[in-house]
Amino acid sequence: MRDIYQAPVLDELDPTTGDLELEERHSLRRVAGLSTELTDVTEVEYRQLRLERVVLVGVWTEGSVEDADNSLTELAALAETAGSQVLEGLIQRRSRPDAATFIGRGKVDELRDVVLSTGADTVICDGELSPSQLRKLESQVKVKVVDRTALILDIFAQHAKSKEGKAQVELAQLQYLLPRLRGWGESLSRQGGGAGGSGGGGVGTRGPGETKLETDRRRINTRISRLKREIKGMRTVRQTKRSRRQASGVPAVAIAGYTNAGKSSLLNRLTQAGVLVENALFATLDPTTRRTAAEDGRVFTLSDTVGFVRHLPHQIVEAFRSTLEEVAESDLVVHVVDGAHPDPEGQVSAVREVLGEVGADRIPELLVINKMDAADEETVLRLKRTWPDAIFVSARSGAGIAELHVAIAERLPRPAVDLRVLLPYDRGDLVARIHRTGQVLNTRYTDEGTELQIRVSEHLAAELESFRN
């Protein structure tokens with residue numbers, strides 16, 4: 001019986017990068033009850049999203065009542081991840097959201113009463129509001145109104161660490177903000193040219209001028225253009241690194257899945273990467289890539305990717321497209337599912353929808369059901385009937401990890417060219433490379449050198465042509 005591959009275990013006392021990052025994040029939590037918001041929200045021109053005491057409101061248009069409850073529960077988890085305190089949640093049954101205020105007139109009055117009775121300073125809507133819906137609802141409930149898209153963007157802004165991640169988040173935020181800019185008072189007045197006002201500013205400066213709102217729109221458009229150029233340059237660097245990996249023949253495995261499904265925990269368990277692990281949505285945004293080896297010695301890379309969620313804002317998908325393309329260019333997608341979630345089937349559908357948007361639906365998929373230690377027996381049996389080919393694991397306890405190693409190794413692409421080569425003893429570098437990226441079928445040592453019967457990629461086979469035996 002062959003030995004089961006076991007990843008090395010690090011000393012639990014040694015702090016990893018993820019541990020230090022988690023400690024820093026916890027030390028910077030928002031303090032509930034300390035608000036500097038203005039009483040009249042119409043006096044606020046542009047505002048940073050800062051959540052404190054919130055009331056949730058959703059519109060149930062389709063599906064079962066369990067689906068509506070799950071959606072609002074997820075919105076509550078998103079709000080708590082952003083640092084807020086959830087006070088109350090309301091759901092309205094409608095055929096479609098109200099065009100003016102998202103919810104009906106009667107529900108607006110009920111929402112206003114709940115806001116007054118709870119002392120909430122923010123309302124979060126479970127959907128993306130149009131600029132007119134946002135203004136109308138905010139004017140009636142008299143507190144700040146935030147939609148699901150702005151909430152997710154705020155979480156991304158808090159958790160982005162790398163230069164590329166910060167640029168991608170800023171681009172998504174500006175694209176969301178641009179049609180929602182609002183001015184008040186002096187912001188709507190015209191700015192005249194020159195010291196003499198609109199009539200005495202000199203040639204080329206006289207005229208109506210532009211409002212501060214128009215100036216800000218122009219500045220945002222300029223910033224968006226600059227960010228797109230920066231991200232395009234980072235995308236080129238990422239493509240260069242990816243092509244270098246592909247040329248070396250190292251297979252790439254991408255870990256994808258719903259947010260908080262345990263992707264980072266699984267990466268740590270498989271490779272001892274030491275990345276941040278937190279029981280929160282979108283805890284990690286910046287992709288992490290680590291090298292590891294299968295039981296037969298073949299080296300491959302494992303990459304953790306940004307988590308997905310239902311109704312992931314299209315601004316995020318577009319801004320993070322260069323990062324998500326890592327999944328589309330991989331050889332295998334390890335799709336991680338939270339087995340303890342109330343609706344794992346819905347998670348799988350949401351993830352596959354986003355994978356289809358970035359062209360990753362054509363990549364072979366290995367379904368991995370995580371958190372089996374937290375799932376009840378009835379759920380496990382149901383999921384095994386639904387996905388009989390899935391691997392059931394627990395990243396926390398380590399159960400099923402050995403089987404996952406074997407399953408990944410079986411699905412890695414096999415080299416395509418069979419060769420018999422005779423390598424001189426001073427070419428140990430080629431022998432090591434063959435073991436690392438190819439498959440050695442037979443080895444024999446002769447007076448002239450090492451004779452190998454191998455299976456390698458076409459690229460490496462061309463380099464070994466002069467050593468064919």
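What covers the buried residues of helix 2? Strand 1 (53-60), strand 2 (85-93), strand 3 (122-125) and helix 5 are included in the cover. The model described here is predicted.

## Helix 2

Helix 2 has 17 residues. From its first C-alpha to its last it reaches 24 Å, close to the 24 Å expected at 1.5 Å a residue. The buried residues of this helix are Ala68, Asn70, Ser71, Leu72, Glu74, Leu75, Ala76, Leu78, Ala79 and Thr81. Just after helix 2 comes Gly83, with a positive phi of about 105°.

## Packing of helix 2 on helix 5

Two packed helices are described by the angle between their axes and the distance between the axes. For helix 2 (residues 65-81) and helix 5 (residues 148-159), the axes come within 9 Å and cross at roughly 35°. The crossing of helix 2 and helix 5 is left-handed.

On the helix 2 side, the contact is made by Ser71, Glu74, Leu75, Leu78, Ala79 and Thr81. They meet Arg148, Leu151, Ile152, Ile155, Gln158 and His159 in helix 5. By type, the residues of this contact divide into six nonpolar, four polar and two charged.

## Arg148

Arg148 lies in helix 5. Is Arg148 buried or exposed? Its relative accessible area is 3%, under the 20% limit, so Arg148 is buried.

Leaving aside neighbours within four places in sequence, Arg148 is in contact with Ser71, Glu74, Leu75 and Leu78, among others.

## Strands 3 and 4

Strand 3 and strand 4 run parallel and are joined by four bridges.

Strand 4 covers residues 144-147. Lys144 and Val146 point one way from the strand, while Val145 and Asp147 point the other way. All of these are buried, Lys144 and Asp147 included.

Most residues other than glycine have a negative phi. Phe102 has a positive value, near 75°. Phe102 is found in the loop between strand 2 and helix 3 (105-118). Its relative accessibility is 5%, so Phe102 counts as buried.

Lys142 is not a glycine either, yet has a positive phi of about 65°. This residue is placed in the loop between helix 4 (131-141) and strand 4. With a relative accessible area of 48%, Lys142 is partly exposed.

Helix 11 (residues 344-357) has 14 residues. The helix reaches 20 Å from its first C-alpha to its last, close to the 20 Å expected at 1.5 Å a residue. Its buried residues are Pro344, Gly346, Gln347, Val348, Ala350, Val351, Val354 and Leu355. Helix 11 is followed by Gly359, whose phi is positive, near 80°.

The loop between helix 11 and strand 11 (365-370) holds Pro364. Pro364 counts as partly exposed, at 48% relative accessibility. Not counting residues up to four places away in sequence, Pro364 touches Asp331, Leu332 and Val333. Pro364 and Leu412 are 48 residues apart in sequence, and their C-alpha atoms are 9.7 Å apart in space.

Strands of a sheet pair through backbone hydrogen bonds, either parallel or antiparallel. In what order do the three strands of this open sheet lie? The order is 13-15-14, and the pairing is antiparallel. Strand 13 (417-423) and strand 14 (439-445) are the edge strands, each pairing on one side only. From one strand to the next, the twist averages 15°.

Seven bridges join strand 13 to strand 15 (residues 450-456) in the antiparallel sense. Glu451 in strand 15 is the bridge partner of Leu422. Helix 14 (residues 428-437) packs on the sheet and touches strand 13, strand 14 and strand 15. The direction of helix 14 makes about 35° with that of strand 15.

Key. Residues numbered from 1 in each chain as written. Predicted model: local features only at pLDDT ≥ 70, side-chain atom pairs only at ≥ 80, totals over all residues. Heavy atoms only, no water. Axes fitted to C-alpha atoms, helices over the stretch in contact; angles between N-to-C directions. Helix = DSSP H or I, 4+ residues; strand = E, 2+ residues; numbered from the N terminus. Left-handed = near helix turned anticlockwise from the far one by under 90°. Contact = heavy atoms within 4.5 Å. Nonpolar A, V, L, I, M, F, W, Y, C, P; charged D, E, K, R; others polar. Pairing = 2+ DSSP bridges. Expected span 1.5 Å × (residues − 1). Buried < 20%, exposed > 50% of the residue type's maximum accessible area, 1.4 Å probe, protein only.
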